[in-house]
Amino acid sequence: MTLGFVMLVHTAFDRAEQVAQYWSNAGCPVIIHVDGKVTQKVFRAFKARFDGNRLVRFSKRVRVEWGTWSLVEATQLATTRMLDNFPDVRHVYLASGSCLPLRPVGELQEYLFANPETDFIESVTIQEVTWTVDGLEAERFTLRFPFSWRKRRKLFDRYTELQRKLGVRRKLPEGLSPHLGSQWWCLTRDTLEAILKAPDRIAMDRYFQRVWIPDESYFQSLTRRYARRIESRSLTLAKFDTQGKPHIFYDDHVQLLERSDCFVARKIWPQADALYGTFLDPDRPAKRVAEPNPGKIDRVFARANDRRGDGRQGLYNQGRFPAPGFQGPVTCARYNVFSGFADLFETFDLWLARRIGGRVHGRLYHPDRAEFAGEERVLNGCLSDSATLRDYRPQQFLTNLLWSTRGERQTFFYGPGDTPEVAQFMARDPNATICVISGAWAIPLHLSQRPMDEIRSEAARLQRAELAFLKALNDVGVTARVHQWTLADFVVQPMEKLQNIVDEITGPGPRRLTDIPPMPDLSAFPEFLQRLRNEGVKPVVMGDFAATPLPQGRRRHGR
Amino acid sequence: MGTGDDLWTAYKLRWRRRRLLARSLRKRRQITCRVDRTDLIAPGAILAFATVRNEGLRLPHFFDHHRTLGVDHFLVVDNASDDGSADWLAAQPDVSLWSTPDSYKRSRFGIDWLTVLMRRYGHGHWCLTLDADELFVYAHHTTRTLKALTDWLSWQGRDSMGALMLDLYPRGALGEAKHHPHQDPVDTLPYFDAGNYVITRQAKLQNLWIQGGVRARCFFAPEPRRAPTLSKVPLIRWHRSYAYVTSTHSALPRRLNHVYDTNGGEAPSGVLLHTKFLPNIISKSSEEKTRRQHFENSDLYQGYYDALIGDPVLWCEQSTRYQGWQQLEGLGLMSRGGWA
């Protein structure tokens, strides 16, 4: 006989009984501590189920409250009883009523037999702890915590805050090096006896009675004082969620648990019949000798924690709706917005699609309808091209579009005639790359044969809208990558500017642009601007054409 | 919103909740108990509440589905069915049945009646409030029961869970599909819209208001604001002082509506597979058009009923075929919310 189990039980007595019987059937003594809050009647009935089983005994009960000294006290009582009653026990394994052995006890015994002097206890210095969720690490040891965290949270928080303000610091007892770790350990008789029979135990216990969550620090710190060899890890597989609560295992985890090769897991959902059936089956074949390997299970639970904690960026649904002022990304992927380019260059969309790939839409926010690439009427995810549906929630039209097409680069055109509500949203989105040639909207007007008074009012409307757009792009809080030129600036060496844009979107590559799409003849454009001016519309967004050599020689296009 | 405003809103809402409870209490005489098996309700039992009217085509599978999930007892109000639904319900061993001839609309779409029952029988239980054309699914529902889910929700300190109502539709015209009562409606209506939902947060009740989906796409493009609400809070650990406000879209007290995470994380959420578009939708729409029982402002929905009566095709090239909860989670329509 080498191994004894100490079990702390407060609920799910049927399951606790099953596991205790399983261990004792394998010849291991079990000392059970039943929470003092459990009624005498329930306790007696539970105890009676072990009548005649010499290996299962009960320790004196204390009322246990989470995060307090009572849990350590219960552990001390049960462990003392184990050491006193069963002198052959060389290792004591601390378990709870919702623990489940995953491998036959024989394998665990062999493992411990091969490591007779090793204490298996996660024990990490407070500087290296990464898992605490309350932010209290070193302070667990230097402040006092007389109030219950669960029942009197406000008082707990206020008293903690008060001590911080007053600069209260408790003195650590002589020879104590604070360590933290999982509550569930497997310690040698020698270490436990040294801790429980230490000459300064009374002082030590008194100190830990005011430490926060002493069950994660008492044995973890004191083992450091006496152990010959510490393996700083728990033999019990336990995964914790973003709130610091243990994840629960269900029937569908059976394969993950089997492959983990861990000895014991917690917590198990009490109604996980298949787990209890599988792992407590006395005929379950002994497997190979294997080191515990929780890597795969770690990944599954880490992923679930990421989902819960950070979520999928750019997703909005019934479970995820970041509040206004949320600092993270508001869309799920990078995208590109071009303004003015299609007015300056003929067939710019085709040219751009060849250079940067992905989907190049038309004007998604066109007043008539969303111009999806390829003339589609409905896009991925059944996103409709209806302007009214789109403009009902214009920002979510974009987040939906990006979400449903994720994995494929999205690019679209946006002009001063388009739904204005998205401008600021895009400008504040670090996923957006926004390229603007301001004033380019005047080119189609210039080339059109429309009467001047129509042109004048249209120009005034578009310029007003573009000024609002430019204002949004130059506001505080803009995080989009914005490239902005006036038309006059852009037409000087446009190839170089397009090269920079393409490089930014696709990443710099060895290929240089050798052609750009054709531009119309703009030689009469300054004259057009002067006419606008004469009509009372002051063109301000086009830039200064006085010093600009204009592209010439292309045939005129009516639009 | 300033704290003062918020306190004032909270105060007003407290009175609103009391009014809703008093109102339902006044309506308690509208329902008469037909079969009372409520003595079968054990402590900790999971309860389902529903109002039904002529749902014979859906009830058998509706019960199969939710029994498999682990609903222990169904408390049903039958609103004057004449298709044999009531007798079928009365014969089920896990059903307690009430009946009423009164107006569905004037009972706040059945919620007044259910509030009476929930107050009396739901207190302390996890309660799932559904329509007969809704099938509740959540992450892991194929391997974990509602008991597992609700145990975990309680353990997480949650008293409610939200769900998106997901309209399902067939490949062809609505009236062409064939369906038998014991068949899974998801086989008859395997398609849905995956990515066209829009959400706002409603300041007063602090719930999410989700619209969109196929009905917005096909029927409400001219007036998107009128598109049906798709957000629900169907699963609540009930207390006798709670009340649903409109259908199960929101509840009071407001914290029950906090089923979403506001810091970027994903809270657990499910989906209600909505089997409204089974082939009898066409005859039902003709009936509803004249009964005017389903919308607050029924006149505005005459066009919608006309469109449905015209036997439309809702399917399009971009429709998604239902494959299961993993697919819904992958698409972002629901989330396991840390429940690994």
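View 1. Helices (H or I, at least four residues) and strands (E, at least two) are DSSP runs, numbered from the N terminus. This is a predicted model, in which local features need pLDDT of at least 70 and side-chain atom pairs count only at pLDDT 80 or more, while totals for chains, interfaces and linings use all residues. Residues are numbered from 1 along each chain as its sequence is written, chains are lettered from A and ligands numbered from 1 in the order in which they are written, and side-chain values use heavy atoms, with hydrogens and water left out.

View 2. A:Asn400 lies in helix H16 (residues 394–404) of chain A and is buried, with a relative accessible area of 13%; buried means under 20% relative accessible area, exposed over 50%, and partly exposed in between (1.4 Å probe, protein chains only). The side chain of A:Asn400 reaches the backbone oxygen of B:Tyr197 at 2.9 Å. Leaving aside neighbours within four places in sequence, A:Asn400 is in contact (heavy atoms within 4.5 Å) with A:Leu383, B:Gly195, B:Asn196, B:Tyr197 and B:Val198.

View 3. In H14 (residues 348–356) of chain A, the residues A:Phe348, A:Trp351, A:Leu352, A:Arg355 and A:Ile356 are buried. They cover an arc of only 105° around the axis, which puts them on the same side of H14(A); the arc is that of the directions from the helix axis to the C-beta atoms. The face turned away from the buried side of H14(A) carries the exposed residues A:Leu350 and A:Arg354. The cover over the buried residues of H14(A) includes strand E13 (335–339), helix H13 (341–344), strand E14 (359–363), strand E17 (410–413) and helix H21 (494–506) of chain A. Just after H14(A), A:Gly357 takes a positive phi of about 70°.

View 4. The open sheet of 5 strands has the order E14-E17-E13-E18-E19 (chain A), with parallel pairing. Its edge strands, each pairing on one side only, are E14 and strand E19 (481–486) of chain A. Strand E18 (residues 432–438) of chain A runs parallel to E19(A) and is joined to it by 6 bridges, with A:Thr433 opposite A:Arg481 in E19(A). Helix H19 (residues 452–473) of chain A packs on the sheet, touching E13, E18 and E19 of chain A, and its direction makes about 140° with that of E18(A); axes are lines fitted to C-alpha atoms, for helices over the stretch in contact, and angles run from 0 to 180 degrees between N-to-C directions. H21(A) lies across E13, E18 and E19 of chain A, running at about 170° to E19(A).

**View 5. A:Ser339 in strand E13 of chain A.** A:Ser339 is placed in strand E13 of chain A and counts as buried at 1% relative accessibility. Leaving aside neighbours within four places in sequence, A:Ser339 is in contact with A:Tyr414, A:Gly415, A:Cys435, A:Val436, A:Ile437, A:Glu466 and A:Phe469.

Terms used:
Polar contact = N/O pair within 3.5 Å; in protein donor to acceptor, adjacent residues only side chain to side chain. Pairing = 2+ DSSP bridges.
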